[in-house]
Amino acid sequence: MSGTGSRRFLLVRARSWMCALPLEEVEETMRPLPVTPVASAPVFVRGVSLVRGTSAPVVSLGALLSGGAAEPCKGGRFVSLRVPEGRLVIEVDEVRGLSSLEADTLEAVPSLLRETAQGHVQRLGTLDGHLLAVLGSSHLLPREVWDRLARPEGKELS
């Protein structure tokens, strides 16, 4: 089934994954803030950070996707997401900007959840259903889609 219309996404890179986060879920992007580790937190959770006066859990998107442990991203960015309980932050290596993706393109690229390390997804599901829902509506972008979005509008590669 072919879709119609387009949606706006925030394009981010987490390690080697290029991801499209639904813009309606994004509150803001910012430089990384100090993170306080939390004992017994899952390995993909870096800890908590004070964002605009509110404590927010910080999840490493790269660790979540890889199944590895969270490590600080040098020069990375925080992306604050709206959640019913307040705010949740994901840490990424790079924010590339905003882009509209056509429904047909979205149907052809995998959901972020499909590529996430299964053990982490099960653990995430028990901790935060809203983040699970955001990741379910986010997408991994193959290199050809990423390259197409990185080109200036209407400019073809030679």
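Let's begin with an open sheet of 5 strands, arranged in the order 3-6-7-5-4 with mixed pairing. At its edges lie strand 3 (26-30) and strand 4 (45-51), each of which pairs on one side only. On average, neighbouring strands of this sheet are turned by 30 degrees against each other, direction ignored. Keep in mind as you look around that this is a predicted model.

Now find strand 6 (residues 77-83) and strand 7 (residues 86-92): they run antiparallel and are joined by 7 bridges. For one example, follow Leu81 to its bridge partner in strand 7, Leu88.

## Salt bridges across the chain

The count of salt bridges comes to 7. One of them joins the side chains of Glu27 and Arg87, at 2.6 Å from N to O. This pair links distant parts of the chain, with Glu27 in strand 3 and Arg87 in strand 7, 60 residues apart.

Another salt bridge brings together the side chains of Glu24 and Arg7 (2.7 Å, N to O). Glu24 sits in the loop between strand 2 (17-22) and strand 3, while Arg7 belongs to strand 1 (residues 6-14), 17 residues apart.

Glu94 is partly exposed at 27% relative accessibility, and Arg13 is partly exposed at 28%. Through salt bridges that share partners, Arg13, Glu94 and Arg96 join into one network.

Technical notes:
Residues are numbered from 1 along each chain as its sequence is written. This is a predicted model: local features need pLDDT of at least 70, side-chain atom pairs count only at pLDDT 80 or more; totals for chains, interfaces and linings use all residues. Side-chain values use heavy atoms; hydrogens and water are left out. Two strands pair if DSSP finds at least two bridges between them. Helices (H or I, at least four residues) and strands (E, at least two) are DSSP runs, numbered from the N terminus. Axes are lines fitted to C-alpha atoms, for helices over the stretch in contact, and angles run from 0 to 180 degrees between N-to-C directions. A salt bridge is a side-chain nitrogen of Lys or Arg within 4 Å of a carboxyl oxygen of Asp or Glu. Buried means under 20% relative accessible area, exposed over 50%, partly exposed in between (1.4 Å probe, protein chains only).
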